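Visitor: I should like to learn how to read a model of this kind. Please take me through its features one at a time.

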Amino acid sequence: MSHTAKSRLGWIIVTAVVLIYSLFPVAAIFATSFKTPGDLGNQTFWPTSWTWENYEMIFVGDAQGLFLSALRNSIGITLIATFIAVVLATLCAYAIARLNFPGKRLILGGALAVSIFPVISVVTPLFNLWRTIGLYDTWLGLIIPYLSLTLPISIWTLSAFFRQIPWDLEQAAQVDGATQWQAFRKAIVPLAAPGVFTTAILAFFIAWNDFVYGISLTSTEAARPVPAALAFFTGASQFEEPTGAISAAAIVVTIPVVVLVLLFQRRIVSGLTQGAVKG
Amino acid sequence: MTATADNVPAEQRSRRDRREVQAVKSDRAKDEARLGWLLAGPAFVIMLAVTAYPIAQAVFDSLFSYRLTAPDERSFIFLDNYILLFSDWVFWSAFLVTLFITVVTVAIELVLGFALAMVMHRALKRIRGPLRTAILVPYAIITVVAAFAWYFMFDINSGFINKWFSWVPGISAELDWFANTGTALTVIMAAEIWKTTPFIALLLLAGLAQVPDELLEAARVDGATRWQLLRRVIIPNMKAAIMVAVLFRALDAFRIFDSVFIMTYGDAGTEVLALLAYRQSISRLEIGLGSAVSVVLFACVLLMCFIAVKMFKVDLASGTDTGGAQGGGEK
C-alpha cells in the first residue's frame with residue numbers, strides 16, 4: 001500500500017470522526033461536572049468558570065451519604081461477584097476444554113440461555129423471595145443475581161481461551177522431570193492467566209453496569225450500588241435538578257472503566273470476540 | 001487422548017485382556033465424567049438457580065391475582081392477567097415501542113458497526129490501537145451514565161443541543177425533547193446506538209478477519225468494483241458473524257430498560273415492556289400482573305431466538321462446538 005498525502009489526510013479525518021463519535025458524550029458530561037450552578041442553565045458546552053463544587057458535594061458535601069455508600073457498595077459487590085464468577089467459570093471452562101464428559105453441550109447451551117434471559121423477568125420473583133428470606137437490601141442479595149450476569153460470558157470466554165492452550169506442554173514438562181504441580185504452574189498458568197484476567201475485566205464491566213437488580217433488590221444505602229443511586233439523586237432544593245452532582249458521580253464511576261480500557265484494550269477486544277464469534 | 005491410544009494395541013490382545021482394558025477405560029471415563037461435573041457443576045447450578053427457578057415462579061405467580069400489599073387476598077385467576085394485558089392499550093403501546101426501538105436501533109447499528117469495522121480492519125497498525133481504545137469507551141461505560149450524558153445534552157434547561165442546532169428547522173430553545181414521543185424516542189435510541197454500536201463493530205471485525213484474502217484478490221483481479229466486492233465477496237463470507245451480531249443485539253435491545261428509566265421513566269409514550277413489568281411489580285407491588293408482563297417479555301425473547309435459529313439458521317453454538325470437536329480430536 002502506498003501512503004500518499006491524500007490517503008493520509010483521509011485517515012486523519014476518519015480517525016478524528018471515530019474519536020469524536022466515541023468520546024463526545026463523555027466529554028459533554030465531563031464538562032457538565034465542572035460547571036457552577038449558574039453555568040448549568042446557560043446551555044453551553046464548556047463551563048465559563050471551572051469549579052470542583054460538584055465533586056465536593058458528592059465527596060464531602062450534602063450528597064456524601066448517598067454517594068460514598070453507593071460507591072463502597074458498587075466496588076465491594078462488583079469485585080466479589082467478579083471474583084466468584086471467575087473462579088467458578090475457570091473450573092467450569094477447564095473441565096469443558098480438557099475433560100470428556102456428558103453434558104458439556106448442556107452447560108454451554110445453558111450459559112447461552114442464561115445470557116439472553118431478560119433480567120426484568122426474574123427480578124420480581126427474586127424481589128419476593130429475598131424479602132422472605134432476608135436477602136433484600138443486602139450485599140449477598142445482589143452478589144447472587146450478579147453471578148447470573150457474569151457467569152455465562154465468563155464460561156464462554158474462558159472455554160474459548162482454554163481451547164487454544166497447548167496442554168501437551170504440561171506432559172512435556174513432566175517428561176522433562178517436573179512434578180505435576182510444577183508442570184501446571186510453570187507451563188500452563190502463564191498461558192491461562194491472560195485469559196482469566198481478560199474474563200475478569202469483562203465480568204467486572206457487566207456487574208459494574210447493572211441497574212435493574214440494583215434498583216429492584218435494594219432500598220437503602222446498605223446495598224444500593226452507584227447506577228441505582230444516581231437515579232435517586234435529588235437537588236439541593238426541590239426545584240433544582242441535581243445535574244452537577246450526577247455528572248460528577250458519573251465521571252467518578254467512569255474513571256475505572258476508562259483506565260481498564262486504556263490499559264487492556266487489546267485483551268478486551270480479543271476476549272469479547274472470542275466469547276461470541278470464534279475469531 | 002490416552003484412552004484411545006491404549007485402544008490400538010488392545011485390539012491385538014486376547015479377548016480377556018481387552019475386556020480388562022475396557023473395564024479400566026470405562027472406569028476412567030466415569031472418573032473423568034465425575035471430575036468434569038465436579039468442576040463445572042457449581043457454575044451450572046448457580047446459573048440455573050438464579051434464572052430457571054425465578055422464571056418458573058414468575059409463570060406460577062402470573063396465574064394469580066396477587067398484590068403484595070394484600071397478600072391474603074391472593075387468588076387463582078388462571079389466564080385473567082394475560083387477558084387483561086392483551087386487551088389493554090398500555091401493553092400494546094409498550095410492546096410496539098419496544099419492537100420499534102429494537103428494529104430501528106439494530107438496523108442503524110448494523111450499518112454503522114459495519115462502517116466502523118471496515119475502518120478498523122483497514123486502518124494502519126499504528127492507529128488501530130487508538131481507534132479500538134476509543135470505541136471501547138462507549139461499550140464499557142455504564143448504561144445509566146450514558147443515558148444521563150445524552151439526557152443532559154438534550155435537556156431543555158442544561159442542554160446545549162438546542163442552542164447549537166437552533167438553525168435546524170424544528171429545533172429551537174423551547175424544544176423539550178422529552179415531552180413528546182417522537183423526539184424522546186429519538187434521543188433514547190441515539191443513546192442506545194451510541195453505546196452498543198462498538199460491540200457490533202467488534203463482532204463484525206472478527207468476521208471480516210475471516211474473509212479469505214485470496215478471494216478478495218481474485219475478485220479484484222477479475223475487475224470487481226468496491227461495491228461488488230462488498231456485496232458478492234465480503235458480506236456472503238461473513239454472514240455467520242452478521243447473524244450472530246444481529247441476534248445478540250436484537251435480544252439485548254428488546255430488553256431495553258436503563259435509558260428509558262433515566263430519560264423519561266416511560267412518560268410521553270415511551271413506555272417499554274421491561275419498564276412496564278418493573279412498574280407493575282416493584283413500584284405497584286402487583287406481583288401477579290407484573291409477572292404476566294415478565295413472562296410475555298421472556299416469551300418474546302424466546303420467540304426471537306427460535307425464529308433466528310430455525311428460519312435464519314443462526315448457529316449460536318457454532319464457534320464453541322467446532323472448537324470442541326477439534327479440541328477433542330487433538331487431545
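Guide: Let us begin with how helices and strands are named: helices (H or I, at least four residues) and strands (E, at least two) are DSSP runs, numbered from the N terminus. In chain B, H14(B) is followed by B:Lys313, whose phi is positive, near 55°. This is a predicted model, in which local features need pLDDT of at least 70, side-chain atom pairs count only at pLDDT 80 or more, and totals for chains, interfaces and linings use all residues. Residues are numbered from 1 along each chain as its sequence is written, while chains are lettered from A and ligands numbered from 1 in the order in which they are written.

Visitor: How many helices and strands does chain B have?

Guide: Chain B has 15 helices and two strands. Chain A, for its part, has 12 helices and zero strands. The C-alpha trace of chain A spans about 75 × 70 × 35 Å along its principal axes.

Visitor: What span is expected of helix H14 of chain B?

Guide: The expected span of a helix is 1.5 Å times one less than its number of residues. Helix H14 (residues 287–311) of chain B has 25 residues, and the distance from its first C-alpha to its last is 35 Å, close to the expected 36 Å.

Visitor: Where else is phi positive?

Guide: Most residues other than glycine have a negative phi, and most peptide bonds are trans. A:Asp137 has a positive phi near 60°, and this residue is in the loop between helix H6 (119–133) and helix H7 (139–163) of chain A. B:Leu285 also has a positive phi, near 60°; its place is the loop between helix H13 (273–283) and H14 of chain B.

Visitor: Is A:Asp137 buried, exposed or partly exposed, and why?

Guide: A residue is buried if 20 or more other C-beta atoms lie within 10 Å of its own, exposed if 12 or fewer, and partly exposed in between, with C-beta atoms placed from the backbone. A:Asp137 counts as partly exposed because it has 17 C-beta neighbours inside 10 Å. B:Leu285 is partly exposed as well, with 17 C-beta neighbours inside 10 Å. A:Thr32, in helix H1 (residues 5–33) of chain A, is buried because 29 other C-beta atoms lie within 10 Å. Of the 279 residues of chain A, 51% count as buried; of the 331 residues of chain B, the share is 41%.

Visitor: Which residues does A:Thr32 touch?

Guide: Two residues are in contact if their C-beta atoms, placed from the backbone, lie within 7 Å. Not counting residues up to four places away in sequence, A:Thr32 touches A:Thr243, A:Ser247, B:Phe152 and B:Ser158.

Visitor: How many residues of chain A are in contact with chain B?

Guide: The contact joins 89 residues of chain A with 89 residues of chain B. Helix H12 (residues 243–276) of chain A gives the most to the chain A side, with 16 residues. To sort such a side by class, Ala, Val, Leu, Ile, Met, Phe, Trp, Tyr, Cys and Pro count as nonpolar, Asp, Glu, Lys and Arg as charged, and the others, Gly among them, as polar. The chain A side divides into 62 nonpolar, 23 polar and four charged residues.

Visitor: Which residues have the most contacts inside the largest nonpolar core?

Guide: A nonpolar core is a set of buried Ala, Val, Leu, Ile, Met, Phe, Trp, Tyr and Cys residues joined through C-beta atoms within 7 Å. The largest has 174 residues, and those with the most contacts inside it are A:Cys92, B:Phe148 and B:Leu204. Helix H8 (residues 181–208) of chain B gives the largest share of this core, 17 residues. Among the residues that A:Cys92 touches are A:Ile107, B:Leu39 and B:Phe44.

Visitor: Where is confidence lowest in chain B?

Guide: The term pLDDT is the predictor's confidence in each residue, from 0 to 100. Where pLDDT is low, the predicted coordinates should not be read in detail. Chain B has a mean pLDDT of 82, and 87% of its residues reach 70 or more. Within chain B, confidence is lowest in helix H15 (residues 318–330), at a mean of 34, and highest in helix H6 (residues 143–154), at 93. Residues 1–12 of chain B also stay under 50. The model as a whole scores ipTM 0.90 and pTM 0.87.
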